[in-house]
Amino acid sequence: MDEGVLLVMAPAGFEHRSIIESVVDAIKGAFYTSQTTTNWATHSENFQWDLPDQSGRFYIPDLVVTRRDAHTAQEEREGIALVVEVTSPKSPDTVLNDRETKPKQYARAGIPLYLLIDQELGTWTLHALADGWIRYQIAADGRYGEKIFLPEPFGFSIPTGDWPEYRSF
């Protein structure tokens with residue numbers, strides 16, 4: 001009998017879910033209040049993002065923001081403008097992946113913006129691709145409570161004042 005490996009992931013906690021909901025609300029709200037003319041599609045924890053190395057490995061990002069006009073999975077993938085990851089401090093391996101491994105993969109794939117929200121530190125970092133680069137530069141960073149300005153193609157801010165602080169108990 002072939003022994004397989006079963007990977008069990010703990011579900012996202014209250015703080016994690018609240019932060020993702022807040023980001024989605026800000027993106028949707030920007031469209032409904034005419035801060036942007038694009039009605040972005042948001043996929044929270046249900047988007048399989050295949051690594052570009054053809055290995056068959058994939059990530060399930062916490063949030064993917066893409067254009068709505070895609071007619072195929074490939075077009076949808078090509079339309080990704082932002083990926084958001086929220087660290088899960090109870091899982092040191094996933095924190096390391098969110099901070100170091102995933103940004104490298106997303107940058108290699110040409111995703112223009114990567115927002116890392118670090119619950120453990122109470123900070124956020126917006127990474128952006130510079131023209132001709134295949135690695136991210138830090139476009140902005142801050143602490144919970146400071147707004148995140150998303151550059152074009154967004155052109156609006158995400159408030160962070162209502163983000164709950166992570167509690168380890």
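The radius of gyration here is taken over C-alpha atoms, and the globule rule is 2.2 Å times the number of residues to the power 0.38. Hold on to that rule. With 169 residues, a compact globule would come out near 15 Å, and the protein chain has 16 Å, which agrees.

A word on the source. This is a predicted model, where local features need pLDDT of at least 70, side-chain atom pairs count only at pLDDT 80 or more, and totals for chains, interfaces and linings use all residues. Residues are numbered from 1 along each chain as its sequence is written, and side-chain values use heavy atoms, with hydrogens and water left out.

Now the overall build. Along its principal axes, the C-alpha trace spans about 60 × 40 × 30 Å. The protein chain has three helices and 10 strands. These are DSSP runs, numbered from the N terminus: helices are H or I with at least four residues, strands are E with at least two. What is the order from the N terminus on? It runs α-β-β-β-β-α-β-α-β-β-β-β-β.

Buried residues make up 42% of the 169. Buried means under 20% relative accessible area, exposed means over 50%, and partly exposed lies in between, with a 1.4 Å probe and protein chains only. The chain exposes about 10000 Å², and carbon and sulfur atoms supply 51% of that. Those areas come from the Shrake-Rupley method with a 1.4 Å probe; for residues, only the protein chains shown count as cover.

Contacts next. A contact means heavy atoms within 4.5 Å. Take the contacts with a separation of 6 or more: residues 24 or more positions apart account for 48% of them.

Most residues other than glycine have a negative phi, and most peptide bonds are trans. Here are some that depart from that.

Start with Ser-34. Its phi is positive, about 65 degrees, although it is not a glycine. Ser-34 sits in the loop between α1 (14-32) and β1 (41-43). Is Ser-34 buried or exposed? It counts as exposed, because its relative accessibility is 65%.

Then Glu-45. This residue, also no glycine, has a positive phi near 55 degrees. Find Glu-45 in the loop between β1 and β2 (49-50). At 36% relative accessibility, Glu-45 counts as partly exposed.

Last, a peptide bond. Which form does the bond from Glu-152 to Pro-153 take? That bond is cis, with omega near 20 degrees. Pro-153 belongs to the loop between β9 (148-150) and β10 (156-158).
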